[in-house]
Amino acid sequence: MEKSYSASYAAAGVDITAGYRSVELMKQYVARTMTENCIGGLGGFGGLFELDCSGMEHPVLISGTDGVGTKLRVAQYMNKHDTIGIDCVAMCVNDVICAGAKPLVFLDYIACGKNIPEKIAEIVKGVAEGCVQAGCSLVGGETAEHPGMMPEEEYDLAGFTVGVVDKSKILDNSTMQPGDVILALPSTGVHSNGFSLVRKIFDIDNHPEVLDKTFDDMDKTLGEALLAPTKIYVKPVLALMEQVTVKGVSHITGGGFYENIPRSLKKGCAARIAKADVRTPALFSVLAKEGNVPERDMFNTFNMGVGMTIVVAAEDADKALDILHTHGEEGAYRLGTIVEGDGVELV
């Protein structure tokens, strides 16, 4: 690698040696995610992972992919890049656990206008932290320098995960019925959805200085609140599934309550939720007020303080909350109930 250099390619805007420096800087972060199942290291043409299916009768692989969206603009305005990778991991792993799967591996893809090794390493530092929180391994990735495609200081970030679940344990909502209880796992804020609306509300692109402002009832600046990384729910949810029959899980992402909760409901079942019972952080009230956003649109765009919902039988609700509280989700609470009907009923 030390002999690899192309003056012609560098003149065209691509510094391949910067890519090598980026890899060297990120190795310390990637190493945190390695397990005994990882074979080899960075630098190969693919990431190798030894699949351990012991205890499974019929292992099924599940994959998920996502990006961070225009939350990246906030990170770029604030010049803070060490947590945005957590968002990327979270958006993928939180999806696959909705099927009952354990995430195994993760790979990222970074496209940038100019490869600044220190910045790329900061991004990957966040990705690695997300993988540690999710209990999966960062087995590879790609950094692509795209001169002329985007300004030098900009980048985009996406990734994907692969998980595994025993076929007999894939989440099945067939036993869901009226009277079941909906539990809420609190979010850390907006997470990684709705940022196009957020940017419009505060006119962030024209006035990025607004990110330094503190609004009523908020204990941090707008920028700090918006950059709070998406919470990763993998470990507490998998722990719950080992001890309680879970009938449905929804990751509340773009589309809010109205689009995501129905994805886990049995046909003929509706989620009835009292708006007064939704524990909504001040940030969402600021968004609604500053943008004059109708309540329906708020619940149809943002997570409103609920990052994930879980449906269990009424008799299992207290036990489920105890398990969640024990495994780090101290704020988990009863959100609503399952009733006859369709979709989401906010009352």
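User: Why is Glu129 called partly exposed?

Analyst: Glu129 has a relative accessibility of 24%. Buried means under 20% relative accessible area, exposed over 50%, and partly exposed in between, with a 1.4 Å probe and protein chains only. The value of 24% falls in between, so Glu129 counts as partly exposed. The areas themselves come from the Shrake-Rupley method, with only the protein chains shown counting as cover for residues.

User: What kind of model do these values come from, and how are its residues numbered?

Analyst: This is a predicted model, in which local features need pLDDT of at least 70 and side-chain atom pairs count only at pLDDT 80 or more, while totals for chains, interfaces and linings use all residues. Residues are numbered from 1 along each chain as its sequence is written, and side-chain values use heavy atoms, with hydrogens and water left out.

User: What makes the contact between Glu129 and Arg32 a salt bridge?

Analyst: A salt bridge is a side-chain nitrogen of Lys or Arg within 4 Å of a carboxyl oxygen of Asp or Glu. The N to O distance between the side chains of Glu129 and Arg32 is 3.0 Å, and the pair therefore meets the rule. The two residues belong to distant parts of the chain, 97 residues apart: Glu129 is in helix H5 (residues 117–134), and Arg32 is in the loop between helix H2 (16–30) and strand S1 (38–39). Helices (H or I, at least four residues) and strands (E, at least two) are DSSP runs, numbered from the N terminus. Arg32, with a relative accessible area of 46%, is partly exposed.

User: How many salt bridges does this rule give?

Analyst: The count comes to 10 salt bridges. One of them joins Asp82 and Lys80, whose closest N and O atoms are 2.8 Å apart. Asp82 is partly exposed at 22% relative accessibility, and Lys80 is partly exposed at 33%.

User: How do you know that Lys275 and Glu295 are joined by a salt bridge?

Analyst: Their side chains meet at 2.8 Å, N to O, which is within the cut-off, so the pair counts as a salt bridge. This pair also links distant parts of the chain, 20 residues apart, with Lys275 in the loop between strand S9 (269–273) and helix H10 (282–291) and Glu295 in helix H11. Lys275 is partly exposed, at 31%, and Glu295 is partly exposed, at 45%.

User: What makes Glu209, Asp212, Asp219 and Glu224 a patch of negative charge?

Analyst: Patches are made of residues with over 30% relative accessible area and no salt bridge, like charges being joined within 9 Å and nonpolar side chains (Val, Leu, Ile, Met, Phe, Trp, Tyr) within 5 Å. Asp and Glu count as negative, Lys and Arg as positive, and His and the chain ends are not counted. The place of a charge is taken as CG of Asp, CD of Glu, NZ of Lys or CZ of Arg. Glu209, Asp212, Asp219 and Glu224 gather on the surface in such a patch.

User: Is Asp219 buried or exposed, and where is Asp219 found?

Analyst: Asp219 has a relative accessible area of 71%, over the cut-off, and is therefore exposed. Asp219 is in the loop between helix H6 (195–202) and helix H7 (222–227). Asp217 is found in the loop between H6 and H7 too, and is exposed at 74%. Phi of Asp217 is near 70°, a positive value in a residue other than glycine.

User: Why is Met304 called buried?

Analyst: The relative accessible area of Met304 is 7%, which is under the limit, so Met304 is buried. Met304 lies in the loop between helix H11 (295–299) and strand S10 (306–312). Although not a glycine, Met304 has a positive phi of about 55°.

User: What do the UniProt domain entries list?

Analyst: UniProt lists residues 61–165 as "domain: PurM-like N-terminal" in an unreviewed entry. That span is 37% helix and 36% strand, with its end C-alpha atoms 7 Å apart. For "domain: PurM-like C-terminal", the unreviewed entry lists residues 177–346. This second span is 32% helix and 21% strand, and its end C-alpha atoms lie 18 Å apart. UniProt positions are given in the numbering used here, feature names are shortened, and annotations may be inferred rather than shown by experiment.

Technical notes: Accessible areas come from the Shrake-Rupley method with a 1.4 Å probe; for residues, only the protein chains shown count as cover.
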